Amino acid sequence: MRQVPTVKTLKINGRDLSGRQEETILDVARQNGIFVPRLCEMDGLTDVGACRLCLVEIKGQNKLLPACVTAVEEGMEVTTDSERLQNYRRMILELLFTERNHVCSVCVSNGHCEMQNLAQRLGITHVHFPYRYPKEDVDASHERFVIDHNRCILCTRCVRVCDEIEGAHTWDVMGRGIEAKVITDLNEPWGSSETCTTCGKCVHVCPTGALFEKGRSVAEMMKRRQFLPYLTLMRKENE
Amino acid sequence: MTPEELDQIAETEREQQSHFTQRVNVCVAAGCLSCQSQSVKDALDKEVAQRSTKDHCQVKGVGCMGLCSEGPLVSTSNGVLYKKVEAGDGAAIIDSLEGSPVSRLVCPTDVPFFQRQQKIVLENSGVIDPDRIEDYIAANGYTALIKALTEMTSHEVVDEVTKSGLRGRGGAGYPTGLKWSTVSKSVGTQKYVICNADEGDPGAFMDRSVLESDPHRVLEGMLIAGYAVGATEAYIYVRAEYPLAIKRLRNAIRQAERVGLLGSEICGTRFSFKIDLRLGAGAFVCGEETALIASVEGKRGTPRPRPPYPAMEGLFGQPTLINNVETFANIVPIIRNGGEWYSKIGTEKSKGTKVFALAGRVENTGLVEVPMGISLREMVYEIGGGIPDGRKFKAVQTGGPSGGCLPTECLDMPVDYESLAKAGSIMGSGGMIVMDENSCMVDVAKYFMDFCMTESCGKCIPCRVGTYQMHRILTAIGNMTATEQDLKLLEELCDLLKHTSLCGLGQSAPNPVVSTLKSFAEEYRAHIQDRKCPAGVCGQPVGETV
Amino acid sequence: MSKARIATVWLDGCSGCHMSFLDMDERLLDIAAAADLVYSPLVDAKEFPENVDVTLVEGAVSSEEDLHKIKIVRERTKILVSLGDCAVTANVPGMRNSFGVKAVYDRAYRENVTFDPGIPDQVVPALLPTSRPVHEFVNVDVFVPGCPPSADTIHYVVSELLAGRNPDVALKTRFGS
């Protein structure tokens with residue numbers, strides 16, 4: 001028996017919209033051109049709800065909920081752009097800027113970095129928390145790619161794409177809290193990883209300049225993210 | 001195992017015990033063991049073996065008797081409790097069984113510390129030998145399970161728990177009956193029961209004590225839960241830092257399997273149940289249910305957004321009932337005596353008793369079980385015996401790193417879920433730390449923030465970086481280098497973490513700061529404006545900095 | 001109406017922001033008509049004057065001299081503008097922060113020096129432990145990120161400030177732009 005898709009109607013920022021039952025608030029917002037910021041979510045990967053930038057207000061709910069993992073419900077009234085949310089988003093992004101050494105001017109992703117663009121879009125002209133300036137490694141042992149931990153925001157897109165799409169599970173996270181970092185294999189140099197297939201998917205899903213291809217200039221290091229929804233779609237049709 | 005066989009075991013055990021007219025119980029829970037209670041027990045064993053009374057005098061290792069600060073504790077069949085017993089006291093204690101008590105060792109039990117307690121969860125603690133299932137069975141163990149399996153439908157079990165008004169003892173106080181009923185109604189190919197024994201709050205040791213003193217009580221509670229919700233597999237997630245609890249649990253599971261209380265077709269019914277242990281590797285966040293489930297699954301122990309709640313999609317995507325150790329330990333008396341009996345204890349919304357680990361600046365520290373609704377003043381001044389050396393009470397901290405500090409004004413407040421939450425703290429798992437005038441509240445806040453920072457899993461940004469920034473500011477305040485601007489940032493961060501963090505750890509991490517800022521604002525001001533620590537705890541001023 | 005008094009200050013930066021300022025080209029004439037440039041690396045004033053209306057600061061605060069200077073500037077300025085990423089975020093000068101001052105001194109004065117290597121203790125101002133954004137030391141009124149902010153952005157900011165308005169730079173420039 002084919003399942004009949006159930007359609008739910010809801011309001012986002014006062015607009016009457018509809019979405020299928022299994023869709024999230026973020027899906028519906030995106031379909032209707034409503035901007036909801038996010039850094040960890042990516043179409044084609046499992047959602048983790050980690051960056052907290054897509055938090056939205058839902059009428060009658062005490063808690064703010066992440067749009068990327070919250071399914072639409074009948075009669076839901078969602079606000080995505082209140083003053084309070086904007087304020088939280090700016091603070092979260094500012095915290096991210098203080099965490100490691102994000103020096104846009106010397107970054108290979110300058111001008112096409114999701115974090116940098118988001119900062120501008122949210123109107124961040126400076127960071128009002130003090131910077132940490134930690135000492136982070138750069139692993140350039142791989143023949144084609146580099147990981148610069150100074151620019152990593154721990155969105156774990158690389159971890160997920162490597163596990164879920166490539167099936168290699170080269171990337172993972174180690175350590176706790178502020179000490180957490182992404183690693184290849186069991187924290188070995190990327191270049192000596194036995195599981196890495198050098199497919200480069202991680203590089204292209206990375207929202208910042210943390211993962212990049214060697215020998216590419218700022219203008220050349222454009223990330224091609226379109227491959228992911230395409231791959232997922234093709235896989236679904238194959239099933 | 002049939003009910004008759006269980007009766008048989010109980011009868012045999014009672015018969016054997018009736019031979020002993022004299023009994024000496026030695027606490028062999030971790031607290032007393034750490035002050036050499038094992039050598040006390042060995043000495044007593046040796047002493048008895050040399051005497052003619054050896055056939056009717058029993059020396060037994062038992063679980064926690066509560067007054068941990070006075071250990072090793074020894075109790076005797078003529079109703080005397082001895083404190084700070086040493087191996088050399090063996091002979092004197094055995095002598096006293098037929099004479100007058102050894103006065104230099106006597107620990108008075110007619111004091112509020114003992115008198116004000118009401119033991120339900122801990123009824124077997126300090127009484128039975130945690131290493132012997134026979135002793136548990138002789139104390140009416142597993143009769144509640146038999147009752148549930150043979151006289152009640154699974155619905156009736158859930159109803160009974162609902163009627164009792166029991167709320168989750170892990171911290172949040174979610175109604176246990178509601179949780180059970182959700183899981184029982186959820187659809188899945190396999191349901192699971194998980195016992196959360198990842199007790200991580202600094203200063204809390206209720207669950208450890210229950211596991212070390214009465215492991216079968218927890219197993220029986222889990223069995224009943226499994227029957228009620230339709231689960232056949234269970235895990236106990238216990239932290240590896242509790243080696244003794246793990247040892248006793250392993251032993252208890254093996255014993256229960258041997259007599260057929262765990263396994264297939266328990267008590268001749270169609271109910272099958274197995275329990276396995278999973279050891280936590282020391283991450284506090286694994287006490288959060290979704291992180292715990294990830295850890296049991298063999299993944300990195302990080303929380304995920306809820307919904308879906310574990311009751312719907314938990315372990316391996318299946319409906320999962322997850323309760324805390326103390327919650328499970330409450331199930332047996334509820335089934336045995338009925339939910340209505342239980343609901344008469346405690347307050348309107350917080351039923352039953354609660355075990356607290358009383359610590360800090362009070363005369364009596366240790367494990368106490370009191371009815372819900374007791375006042376903080378009774379806890380501190382009667383059970384706790386007041387503040388030592390006539391110093392002044394300042395605050396009591398409940399709920400560990402997710403809780404808050406309650407000032408003098410709150411002393412007459414009843415200890416229940418709602419009152420504590422209203423006052424800006426939480427019930428938490430039961431840690432209760434008393435502070436006096438020599439404690440600096442900024443330092444306390446910094447301590448807990450340090451804990452939250454190092455225990456943050458790092459998944460979400462507000463908790464990962466926010467706790468770092470808050471800790472940095474609190475450190476600056478402690479070093480007398482903070483500015484008014486820092487204080488403003490601190491308040492901003494409190495609000496941010498509370499509302500935007502992914503899991504309870506991050507959302508509640510600001511509580512110690514918020515509650516001390518609210519009740520002890522002048523201490524913060526003194527550090528920032530006058531560069532002084534009123535309690536004299538924080539470092540000397542290091543001079544003006546930029 | 002008397003002309004507004006503006007100043008520019010060069011702390012730890014590459015002077016790129018000042019270059020961008022000069023890139024305003026003929027628009028500088030309009031600004032000169034509305035304001036006097038009373039202090040700047042581009043003019044010949046030794047002492048930072050009193051009563052400055054607008055000061056544009058380029059560069060991070062990296063040395064004791066920078067710190068000393070920015071405090072005076074703040075005292076004597078009505079509207080203090082952090083101009084460019086070094087002033088706003090510490091940017092490139094801040095990249096030394098994770099290595100520590102000693103490593104920086106060694107690299108600059110010992111490892112690459114053939115004649116009489118050694119760390120100077122006179123004339124050269126001592127470095128602060130970390131190089132940090134201006135607003136971590138003094139109150140800043142307007143932030144103009146960019147490396148460097150474009151001449152258009154600077155023109156917009158200065159014009160708005162001279163007109164008594166608060167410039168909104170979010171859409172005109174960004175970190176690293």
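Analyst: In this predicted model, the C-alpha centres of domain 1 of chain A and domain 2 of chain A are 25 Å apart. According to the domain assignment, domain 1 of chain A covers 7–81, and domain 2 of chain A covers 108–238. Where these two domains touch, domain 1 of chain A contributes eleven residues and domain 2 of chain A contributes 17 residues. On the side of domain 1 of chain A that touches domain 2 of chain A, eight residues are nonpolar, two are polar and one is charged.

Chain A also meets chain B. Here 23 residues of chain A are in contact with 26 residues of chain B. On the chain B side of this contact, the elements that supply two or more residues are α18 (441–455), α19 (461–478) and α20 (484–500) of chain B. Of the elements on that side, α19(B) gives the most, with eight residues. By residue type, the side of chain B that touches chain A comprises twelve nonpolar, eight polar and six charged residues.

A further contact joins chain A to chain C. In this case 19 residues of chain A are in contact with 22 residues of chain C. The side of chain A that touches chain C is made up of ten nonpolar residues, eight polar residues and one charged residue.

Terms used
Residues are numbered from 1 along each chain as its sequence is written. Chains are lettered from A and ligands numbered from 1 in the order in which they are written. This is a predicted model: local features need pLDDT of at least 70, side-chain atom pairs count only at pLDDT 80 or more; totals for chains, interfaces and linings use all residues. Domain bounds come from an automatic or database domain assignment. Two residues are in contact if their C-beta atoms, placed from the backbone, lie within 7 Å. Ala, Val, Leu, Ile, Met, Phe, Trp, Tyr, Cys and Pro count as nonpolar, Asp, Glu, Lys and Arg as charged, and the others, Gly among them, as polar. Helices (H or I, at least four residues) and strands (E, at least two) are DSSP runs, numbered from the N terminus.
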